[in-house]
Every structure is written in structure tokens, then in C-alpha cells.
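Please read it alongside the structure displayed below.

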Amino acid sequence: MSIDAASRSEPAPVAFYNNPKVRSATYQIALSALVGFLVFEAASNAVHHLERAHIASGFGFWNNAAGFDISQALIEYNSQVSTYGRAFWVGLLNTLVVAGLGIVFATVLGFIIGIARLSTNWLVAHTAGAYVETIRNIPLLLQLLFWYNAVLKALPDTRDSYAFGGAFLNNRGLVLPNPIGETGEGAFVLTAISCILAAWLFRVWAKRRQARTGEQAPVFAVGAALIILPAVLFVLLQGLPFSFDMPQRGRFNITGGLEVLPEFAALLFGLSIYTAAFIAEVVRAGILAVSRGQTEAAYALGLRPRATLRLIVLPQAMRVIIPPLTSQYLNLTKNSSLAVAIGYPDLVQVFTGTVLNQTGQAVEVVAITMAVYLTISLATSLLMNIYNSQIALVEK
Amino acid sequence: MTTMEGDDRGITDIKFVRATAIEARPAPVPMSGARGWMRANLLSTPLNIVLTILIVLLLAWVADELAKFLIFNAVWSGTDRNACLESIQHREIGACWPFVWERWSYFVYGSYPIPQRWRVDLFFVMLTVGVVWLLWLEAPRRDLGLIYSFIVLPVASYILLHGFELIGMPMVDTVLWGGVLVTVVVASVGIVLSLPLGILLALGRRSRMPTVKLFSVMFIEFVRGVPLITVLFMASVMLPLFVPEALEPDKLLRALIGIALFASAYMAEVVRAGLQAIPKGQFEGAMAVGLGYWQMMRLIILPQALKITIPNIVNTYIGLFKDTTLVFIVGIFDFLRTVEVARIDPKWATPVTSTTGYAVAAVFYLVFCYGMSRYARAMEARLAKGDSR
């Protein structure tokens with residue numbers, strides 16, 4: 001009996017190799033050593049290879065003259081004097097422009113299709129469903145190649161361009177009338193911004209008042225008047241603050257105007273249409289996540305279907321929609337790197353393509369490119385986590 | 001008529017009793033049958049009527065264009081581009097099918113030597129057997145199917161496709177591989193490798209050992225934060241720098257490594273979600289009966305976690321299958337690349353060749369991806385049935 005009690009109070013000694021702490025420490029040291037060894041091996045091999053191939057290392061190339069042309073540059077760029085660093089910024093801006101516009105278009109299209117999939121109209125719902133199933137199951141790269149090679153490149157050449165409303169469409173892209181600022185442009189922009197601000201403030205005030213007194217204010221009418229009237233007045237008093245540079249059809253070429261590259265158009269089209277199919281699914285799942293009782297209660301209160309969707313269902317659905325929606329935005333941004341396949345000068349095409357080929361500094365160039373995307377991704381997920389914690393349902 | 005006095009005055013007060021039957025009202029609008037269905041689902045409101053008409057017009061236009069392009073205006077026979085040129089045929093030209101007939105073997109095998117192509121066919125057959133064995137839930141001896149698919153098949157395929165001089169099969173360099181063969185090889189290797197790697201990474205991310213957790217999180221977040229193209233670029237231009245010359249991998253292997261690493265990071269997150277859904281009691285119960293970590297995972301946790309993640313795993317595979325097209329960019333002749341090369345070949349280059357080639361590619365990917373997604377949905381329904389008992 002006493003022996004039993006003693007063995008119970010003191011656990012049997014464990015062999016040191018069975019001690020969880022010892023084991024855990026051993027595993028971790030072994031893993032760290034393995035990773036360290038691999039990194040060291042890789043680094044020494046890389047140094048050895050680079051030395052033999054006489055490739056410089058370090059980031060000194062950043063300030064060297066680039067010497068190649070970029071077909072679309074939003075900031076000043078000259079192939080003779082601009083540096084690789086400048087080329088990097090041109091590429092990054094091009095990526096951001098196509099991703100930003102793509103996000104806008106994909107969101108609008110995605111919401112329309114997502115809501116259409118839940119329509120009471122059988123035909124609308126099934127057509128939207130067929131769109132989603134088809135677009136989601138065809139690789140984006142194939143879609144981009146299709147838009148670029150089979151649609152935009154198959155357009156007539158410059159001489160037979162389609163012309164509509166001063167714009168021209170041909171196989172070298174789209175040429176639009178270009179608005180150019182004239183005198184008073186600054187004042188106009190300032191007026192416009194302050195008017196929009198005033199309209200927004202009125203909306204905030206009207207909402208507060210409605211919450212306090214229950215009285216509604218004509219927000220839309222007043223807001224529209226606040227924005228449109230001053231603009232009209234300004235134009236009447238001062239004349240148009242900008243004029244259009246209309247493209248002119250020449251013998252072989254179209255001169256003037258704002259040129260939209262076919263590569264840009266194809267990439268924007270492809271990305272928007274592809275991502276919209278995914279956003280539609282996100283929206284549909286979000287709306288379905290709002291319980292049916294919410295809709296029925298809204299109907300019982302006498303709200304019409306559209307008001308129910310806008311005031312009751314969507315605000316609650318947004319809580320479910322926004323996290324996956326953000327990850328779709330990130331996907332779109334990352335997918336914009338497929339630009340390299342159709343020759344749109346985005347970050348990957350300019351930097352990982354041309355700069356890498358010219359300098360041969362694979363490690364630095366790929367590292368910089370990855371760092372850019374990683375920064376965008378991590379910053380977005382950080383913002384998303386903050387947002388999520390703010391809108392999470394507070395339960396008792 | 002408010003009398004309650006108890007006599008019969010109330011009845012005598014009644015001034016009017018109708019002597020004839022009311023005229024029959026029209027029958028209610030039928031809400032069943034074809035007409036009722038249309039009324040309820042297509043024409044319920046004015047807006048819905050307008051939408052229905054617009055969509056019918058849109059669908060009619062799309063169907064008409066597709067039928068004209070694919071069938072009625074299509075060219076069905078010919079030997080070169082002249083058969084598909086509008087300026088020579090003097091009619092509207094749709095799809096150029098003879099181009100597809102002629103290039104079909106290139107689309108499937110790439111430049112694989114013609115006398116050796118039976119090896120590729122045999123590989124396709126063996127792969128189909130493995131896939132069916134695994135996916136068909138009532139198939140006999142599915143445990144053997146697992147061994148066959150994950151051990152026998154990879155080794156046999158490697159020997160078969162790459163060659164083995166000792167048994168008289170000449171070597172075929174991977175540079176010659178192409179078309180559907182490469183797409184299928186890249187996708188299968190990604191599928192086979194990403195699941196075990198993903199499980200390890202997911203377990204690492206949930207590990208209590210800080211170093212293991214740190215490395216797993218770093219790897220997963222890093223790979224998920226960058227586009228696949230940059231991973232492929234890294235694999236194709238940086239990997240050769242990092243390894244000694246003797247071990248330098250060939251082009252296809254580099255892309256395979258890139259795809260497998262990329263897919264495993266995504267798989268890790270899918271598996272992690274499954275692990276999180278397993279109640280704590282399962283872990284505690286396993287530990288209480290004295291199972292070690294790996295026994296617990298292998299016998300108790302993973303079977304349950306993987307079962308509920310099957311639909312998401314298949315969805316990851318669909319993404320992976322579509323992503324295989326990106327190896328195109330690092331210079332590997334996958335199916336899409338062979339189409340891309342063939343369509344600009346001067347022998348067949350016409351205004352319709354590109355669209356024809358892309359249509360074939362689109363159908364190929366659509367059939368496979370849609371098939372997988374149907375399977376995932378069927379699994380989901382099956383699992384839901386099990387839960388709702």
C-alpha cells in the first residue's frame with residue numbers, strides 16, 4: 001500500500017529522450033540548422049555562380065541608365081537618360097493603374113452578376129450562373145490571349161478604324177479625345193471639390209437629423225443641385241475650363257488624342273471579366289448568409305424589394321462579403337502580372353522581364369519585385385484584420 | 001336585424017333572398033404547368049418581363065454567332081491556310097477545323113518523338129485508371145488505389161516518359177515534351193506533392209514549437225503574397241544559381257518545383273481550416289488514450305479534417321490546373337503554348353486561326369475544371385447528407 005502511494009505521488013522518471021521539452025528543443029534546433037544550412041549553401045553557390053559569370057551584385061544598377069523604351073509611361077520617362085529605378089516606378093504605376101481600374105470594373109460587374117444569380121427571374125439567374133461557371137473554369141491567361149490576339153488584334157488597321165463620337169478604335173488600340181486643362185482649371189477643380197464636400201456634409205447632417213427627429217430631407221435633390229449648379233454657373237461665367245484634343249485621322253496614323261494601348265485594354269477586360277465571376281460568387285454567398293427572416297420582416301414593414309436589398313440585406317451581407325472580396329482584389333492585383341504574356345509594361349514585364357535580361361541580376365530583381373507584391377499583400381491583410389475586428393458582431 | 005327578443009320577427013324582416021346562382025367567376029390564373037411556371041419565373045413584374053426579353057435576345061444572338069462560327073460557316077477540310085481564307089473562298093469563314101485536325105497530335109504530345117508516343121498513351125491510360133480508382137467511391141480495394149496512385153504511378157510514369165536505357169526504352173529529353181502531356185504532368189505533380197506538403201505546413205503552422213511555427217508561417221505568407229509568375233521566375237532563374245552545377249535541374253523540373261511549392265502554400269491554408277474545425281475533444285480524447293502526436297494526427301485528426309475539406313481541396317486543384325498555363329511564360333510547351341505556337345505558324349495563319357485554337361483550348365480547360373467542380377459539389381452534398389442524419 002505504501003509503495004503504491006509513493007509511486008503515485010512521484011511520477012516515474014522519464015528517459016531524457018522522452019522528455020517533451022528536450023524533444024521539442026531538439027526538433028527546433030535540427031530544423032533551424034537545416035534551414036540555416038540550406039540558406040548558406042544557396043547563398044554560397046549563388047556567389048560562386050555570379051562570380052564565374054561576371055555578374056555584378058548589389059543594387060548599384062538602380063541608378064544606371066536603362067536604355068530601353070516603355071510603351072506606356074505615366075510619369076516622365078526617357079529611354080536615353082532615365083534610370084532602371086525610374087523604369088521600376090513606371091512599371092509599378094502601370095500595375096497600379098490597371099489593378100485599380102480592374103478592381104472598379106470587376107466590383108461593379110461582380111455585384112450585378114452576383115445579385116442577378118439570386119433573381120426571381122429564372123432566365124436571369126441561370127444566365128448569370130452560366131457566366132460564372134464558364135468564366136471561372138477557363139484559365140485567365142487563355143482569356144487574356146483571346147482578348148488580345150483574337151479580338152483586339154483582329155480589329156481593322158488604322159486606315160479602316162471604327163470611328164464613334166470623336167474616338168477611334170483599331171488594332172493599335174483606342175484613341176479617345178483628350179481633355180486638356182485651360183485657364184481657370186485649378187479654380188474649377190477647387191470649386192468642384194468643395195461642392196462635393198458640401199453635398200457630403202449635407203448628407204451627414206440629414207442622416208443625423210433623421211435619426212433624431214425621424215424627418216427625411218431630400219438628400220439626393222439637394223446633393224445633385226449642390227454639385228451640378230456651381231459647375232454650370234462656372235462654365236457660363238468663365239467658359240469651359242478644359243478643351244478636348246480631338247484625335248485626327250491621318251493617312252497612316254491617328255495623331256493627337258489620348259491613346260489607350262490594346263495591351264492595356266485586353267488586360268483590363270480580361271482581369272475585370274475574370275475577377276467579376278469570383279466576386280459574383282462572393283456576393284451571392286454573402287447575401288445568402290443573411291437569414292430569410294430579415295427579408296420577410298422588411299417586407300412585413302412594407303419595404304419594397306429594392307429598398308429591402310439596399311437597406312436591410314446588403315448592409316448585413318457586407319460583413320460577410322468584405323473579407324473574401326479583399327482577397328479577390330489582391331488576386332486581381334497579383335494576376336495583373338500576367339501582363340507579361342501580352343506585353344503590357346507592368347512591373348513584372350518591365351522589371352523581371354527587360355531589366356532582368358539587361359542586367360542579369362536575377363536575385364536582386366526578383367527580390368525587389370516580390371517585395372513589392374508582398375508589401376501590397378501584407379498591408380492589405382493588415383488593414384483587413386483591423387477592419388474585421390471593427391465590424392465583427394459584438395455579442396453579449 | 002338586431003333583434004334578440006326571441007320571436008321570429010328577424011326572419012320576416014329579411015327583404016331579399018337571391019333566387020338564382022351567381023355567375024361563375026373565371027378560373028384563377030394557373031400557377032402550375034408550363035404557363036404558370038413562366039408567369040411565376042419569367043414574367044412576374046414589368047421589370048422581369050423586360051429583362052426576360054433582353055436576355056432572350058442576348059442568348060439568341062450569342063447562340064446564333066456561336067453556331068455560325070463553330071458549325072455553319074466553319075471550314076471542315078483543307079490542307080493549308082488557303083482553305084480558311086476569306087479572300088480565296090469568297091464566303092464568310094468560321095472556325096478553321098482542318099488546322100485543329102492537323103495539329104492535334106502536336107497539341108497532345110508536343111515534340112515527343114513519334115515512334116515513342118505509345119509511351120505517352122500508356123501513361124494517359126495508367127493515369128486514368130488511378131484517377132478513377134481514387135474518385136469512384138464504390139471502387140474495390142481503394143487502399144490499393146492509394147498506393148497505386150501515389151507510389152506506383154509516379155515511379156512508373158517517370159520511367160515510362162523519361163526513359164530507362166536498361167530495359168530498352170530510349171531517353172526522351174523533357175525539352176521535347178509538350179502539349180496536353182506537359183499540362184497533365186505539371187498538374188499531377190502539383191496535385192500529388194501539394195497535399196502532403198500542405199498538410200505538413202498546416203501542422204507546422206499549428207505547432208506549439210515556435211521555430212516550426214515561424215518557418216511555416218513565413219513560407220505560407222510569403223508564397224501567398226506574391227504572384228505565381230514571380231515564383232516561377234524565381235524557380236527558373238534563381239534556382240540554378242542556388243544549387244551546385246552537378247544538381248542543376250532542367251527547365252521542366254524547375255517549373256514543377258515552383259508550381260508544387262506555390263500550390264502547397266495554398267493547400268496548407270485549406271488544410272488548416274479543416275484542422276480548426278475539429279473539436280478540441282477529439283485531440284484530448286486521442287491524447288487520453290495514449291496516442292503520440294503522429295498517431296493522433298494519422299488515426300484521429302487528419303481523417304476527419306481531410307474529409308470535411310475535400311470540396312476545398314478539389315477547388316484548390318481546379319485553381320492549380322488553371323495555373324499550370326503560367327509555365328507558358330517561363331518557356332515550357334504546355335498545351336496553351338502549343339496552341340499559341342501553332343496558331344502563328346505561317347502554314348495556317350489566318351484571321352480565324354487564333355480564335356479556333358483558343359476555342360479548342362477553352363473547351364479543354366472548361367471540361368476538366370467543370371468536371372472537377374461538379375465532383376467537389378457532389379462530395380459536398382454527400383458529406384452534408386452524412387451530417388444531417
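B:Val180 is placed in helix H8 (residues 180-205) of chain B; helices (H or I, at least four residues) and strands (E, at least two) are DSSP runs, numbered from the N terminus. The model is a predicted one, in which local features need pLDDT of at least 70 and side-chain atom pairs count only at pLDDT 80 or more, while totals for chains, interfaces and linings use all residues. Residues are numbered from 1 along each chain as its sequence is written, and chains are lettered from A and ligands numbered from 1 in the order in which they are written.

**Two valines of chain B**

- B:Val180 counts as partly exposed because it has 18 C-beta neighbours inside 10 Å. A residue is buried if 20 or more other C-beta atoms lie within 10 Å of its own, exposed if 12 or fewer, and partly exposed in between, with C-beta atoms placed from the backbone.
- Residues up to four places away in sequence aside, B:Val180 touches B:Phe107, B:Val108 and B:Phe335. Two residues are in contact if their C-beta atoms, placed from the backbone, lie within 7 Å.
- From B:Val180 to B:Met296 the C-alpha to C-alpha distance is 41 Å, and the two are 116 residues apart in sequence.
- B:Val314 belongs to helix H13 (residues 293-323) of chain B, and it counts as buried because 21 C-beta neighbours lie inside 10 Å.
- The contacts of B:Val314, apart from neighbours within four places in sequence, are with B:Met372, B:Tyr375 and B:Ala376.
- B:Val314 and B:Asn82 are separated by 232 residues in sequence and by 44 Å in space, C-alpha to C-alpha.

**Chain B as a whole**

- Chain B has 15 helices and 0 strands.
- The radius of gyration of chain B is 32 Å, whereas a compact globule of 389 residues would have one near 21 Å. This radius is taken over C-alpha atoms, and the globule rule is 2.2 Å times the number of residues to the power 0.38.
- The C-alpha trace of chain B spans about 120 × 80 × 40 Å along its principal axes.
- Of the 389 residues in chain B, 31% are buried.
- Among contacts in chain B with a separation of 6 or more, 67% join residues 24 or more positions apart.

**Chain A as a whole**

- Chain A contains 13 helices and 8 strands.
- Chain A is more spread out than a compact globule, because its radius of gyration is 30 Å, well over the 21 Å that the globule rule gives for 396 residues.
- Taken along the principal axes, the C-alpha atoms of chain A fill a box of roughly 105 × 75 × 45 Å.
- Buried residues account for 28% of the 396 residues in chain A.
- Chain A is divided into domain 1 (15-52) and domain 2 (84-142 + 272-391), with bounds that come from an automatic or database domain assignment. The C-alpha centres of these two domains of chain A lie 39 Å apart.

**Strands of chain A**

- Strand E2 (residues 167-170) and strand E3 (residues 173-176) of chain A are antiparallel and share 3 bridges; two strands pair if DSSP finds at least two bridges between them.
- E2(A) and E3(A) make a hairpin with 2 residues between them, and A:Phe168 stands opposite A:Val175 in E3(A).
- E3(A) also pairs in the antiparallel sense with strand E8 (residues 258-260) of chain A, over 3 bridges. A:Leu176 has A:Leu258 in E8(A) as its bridge partner.

**Helices of chain A**

- The end C-alpha atoms of helix H7 (residues 219-238) of chain A are 29 Å apart, which agrees with the 28 Å that its 20 residues should span at 1.5 Å a residue. The expected span is 1.5 Å times one less than the number of residues.
- A:Gly239, with a positive phi near 85°, follows H7(A).
- Helix H13 (residues 362-391) of chain A has 30 residues that should span 44 Å, in agreement with end C-alpha atoms 43 Å apart.
- The buried residues in H13(A) include A:Ala362, A:Val366, A:Met370 and A:Tyr373. Their cover includes helix H10 (305-335) and helix H12 (347-359) of chain A, together with H9 and H10 of chain B.

**Interface between the chains**

- Contacts link 44 residues of chain B with 45 residues of chain A.
- On the side of chain B that touches chain A, H15(B) gives the largest share, 10 residues.
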